[in-house]
Amino acid sequence: MKAHLSIQKLTKRYKTGDGVTDISLDVKKGEMITLLGPSGCGKTTVLRSVGGFLDPDSGDIMIEGKSVLSAPPEKRPTSMVFQGYNLWPHMTVYENLAFGLKIRKIRKAERDKAISEVLELVRLPGSEKKYPGQLSGGQQQRIAVARSLLLKPAVLLLDEPFSALDAKLRHEMREELREIQAELGLTMVFVTHDQEEALSISDRIVVMNHGQIEQIATPQEIYDEPKSLYVAQFIGKMNFMKGVITEEGIQVGSLHFPNATGLSGEVTVAVRPEDIILESSAGSGLHGIIKQIMVLGHYAEVSADIRNHGVIRAFMARDKVKELQQGQEISVQFSKILAYPQV
Amino acid sequence: MRWYLKAVGPKKIIEFLLLAAFVIFFMGPLLNLALLAFTGNWSYPDPLPREWSLKWWSFVLSRDGIAESIGLSFGIAAIVTAVSILLCVPAAYAFARIRFPLSRFFLFSFLLTHAFPKMGLYVSIAVLFYKIGLMNTLLGVVLIHIINVLMYMTWIPTASFRNVHTAQEESARDVGASPFRVFRSITLPLAMPGIIVASIFTFLSSLDEAQGTYLVGVPNFRTMPVVMYGIITDYPAYAGAVFSIILTAPTLILLLAAQKFVSADVLSSGFQMK
């Protein structure tokens, strides 16, 4: 299938040394793609290049098969929602929404209908006459999303649109956005530094670091099989230990695992907290002492000091930790591990 | 009475006295001016004039050249304001948005005209004006006035343009507006309060300018403040009082009309060097 948005070998370098190098990415129609990475990794550079606010040094950007590189932002079939300051405070919500439609010379009756429909969609019906200053931060971002939706863009670009909102609202907005996206079959590129946000709303995640793509995969894949140590560190919680590869496989202390990586010598072993099994009896696993038990709602986080391997954190069901206590001797097994070359 | 003072407490009383002193300090001279302007007969020991009259008003207004000077002053102020908007608003936008070498130095240089003694500056400008034939011309007077207002007219709008977030301009581009349309529909209206405040200052400062006009414009361009010099030296203080009220009135009216826009915020942001 042909890509709806295709970024080909995009390179943009700033004088400061930041920027992106050789980014290639295909987005299918109706897909929700997240660019994820720490600040300065170049995710916003990619987004702004697609939106037309940056001129790439080299590479091409194709939307629906046509290069848009020479078009200014106002001529591109994209629409962008910024982190903040999206709305014009001297105009009412109606005027904010109508601005783009007026430029497109859409008749008033049609315009009014479209605006009341889209306000319904973002759950702010009847707010036409309000000024942005009278709306909360979350409501303002909804209006910004609505303004973009009205223009029926081929690709909707969102630059950390919810990062200024509080956690609960961010959660809600995320869900709503996902619903709207599914309902309208929108193609979306979403930029965030919040891995939880990326995991929860994306069809595919693009993990970026230092201006390069580390991995492109579905949230499941990214979580279960991070391709590099960087991705393993960045996505979700992870424990890291030293391991070594012998003829029998990967060895971590007294534990052995099959070696499917093709690596050799010293490796860094990564284990998800939920893949750790703690046993109170002295078993065949690694030995350690429980340092702390924290109940975090439906699960508990247990941190344990393992001899020669440092502190690890494990997630356990809440009823299982009732038998454990601080200072207790335990043995540790891993149900699943990942191995990366040591840096 | 005493129990009341006690209930209020010494802190409040001191505050009130300070405030009263402050108000008298500011309003006293103005009040005196108003009294003088409407005096018919006022002799020394009386606290208030014995007779009120409008005779000084009719005296001042009936003198030759007064009405013309009022018209001329407003005309020049209007031209100065219009020209300085045309010159300074685009410059302010450039200072706010475009990074060019020495931009801070240029912005700062507008302060220079305020750093020297005015008369010295005017005299050297007058020498220049003689050579190029600008003495006693409207253009010469307008130029002298603009020198005075360059600083407000550039600094305040620059701050206003800086306060318009790039995302606000970019989202307008994004929904389809051309750069010119973005400026007209988004940037300019958002920066308008600052531009209005600066324009009012410009208008008032031009209305008030005497030294430079006196040097460059006399005899053909006798604006209100220039005429006032003559009145103060040649006639009793009553005539001067009447004339000062005529000069003050437009200031008060304009500031009242624009009080929505004139705020400490707009002003102070104009004088932050970034």
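**Chat: domains and interface of chains A and B**

Colleague: How far apart are the centres of domain 1 and domain 2 of chain B?

Modeller: The C-alpha centres of domain 1 of chain B and domain 2 of chain B lie 36 Å apart. This is a predicted model: local features need pLDDT of at least 70, side-chain atom pairs count only at pLDDT 80 or more, and totals for chains, interfaces and linings use all residues. Residues are numbered from 1 along each chain as its sequence is written, chains are lettered from A and ligands numbered from 1 in the order in which they are written, and side-chain values use heavy atoms, with hydrogens and water left out.

Colleague: Which residues does each domain of chain B cover?

Modeller: Domain 1 of chain B is 1-38, and domain 2 is 63-262. Such bounds come from an automatic or database domain assignment.

Colleague: How many residues are in contact there?

Modeller: Four residues of domain 1 of chain B are in contact with five of domain 2 of chain B. Contact means heavy atoms within 4.5 Å.

Colleague: And what area is buried between domain 1 and domain 2 of chain B?

Modeller: About 450 Å², with carbon and sulfur atoms giving 87%. Buried area is the accessible area (1.4 Å probe) that two parts lose on being put together, summed over both. Leu33(B), Leu36(B) and Ala37(B) supply 88% of what domain 1 of chain B buries against domain 2 of chain B, more than any other three residues. The touching side of domain 1 of chain B has four nonpolar residues, no polar and no charged. Here Ala, Val, Leu, Ile, Met, Phe, Trp, Tyr, Cys and Pro count as nonpolar, Asp, Glu, Lys and Arg as charged, and the others, Gly among them, as polar.

Colleague: How many salt bridges are there between those two domains?

Modeller: Zero between domain 1 and domain 2 of chain B. A salt bridge is a side-chain nitrogen of Lys or Arg within 4 Å of a carboxyl oxygen of Asp or Glu.

Colleague: Switching to chain A. Where are its domains?

Modeller: Domain 1 of chain A is 5-231 and domain 2 is 238-341. Their centres, taken over C-alpha atoms, are separated by 39 Å. Domain 1 and domain 2 of chain A bury about 610 Å² between them, 53% of it on carbon and sulfur atoms. On the domain 1 side, Tyr223(A), Pro226(A) and Leu229(A) lose the most area to domain 2 of chain A, together 76% of what that side buries.

Colleague: Now the two chains. How many residues of each are in contact?

Modeller: 23 residues of chain A are in contact with 18 residues of chain B. Chain A and chain B bury about 1800 Å² between them, 61% of it on carbon and sulfur atoms.

Colleague: How many salt bridges cross that interface?

Modeller: Two between chain A and chain B. One of the salt bridges found is Glu170(B) with Arg48(A), the closest N and O atoms being 2.5 Å apart.

Colleague: Last topic, cysteines. Is Cys41(A) buried or exposed?

Modeller: Cys41(A) counts as buried because its relative accessibility is 1%. Buried means under 20% relative accessible area, exposed over 50%, partly exposed in between (1.4 Å probe, protein chains only). Cys88(B) has 2% relative accessibility, so Cys88(B) counts as buried too.
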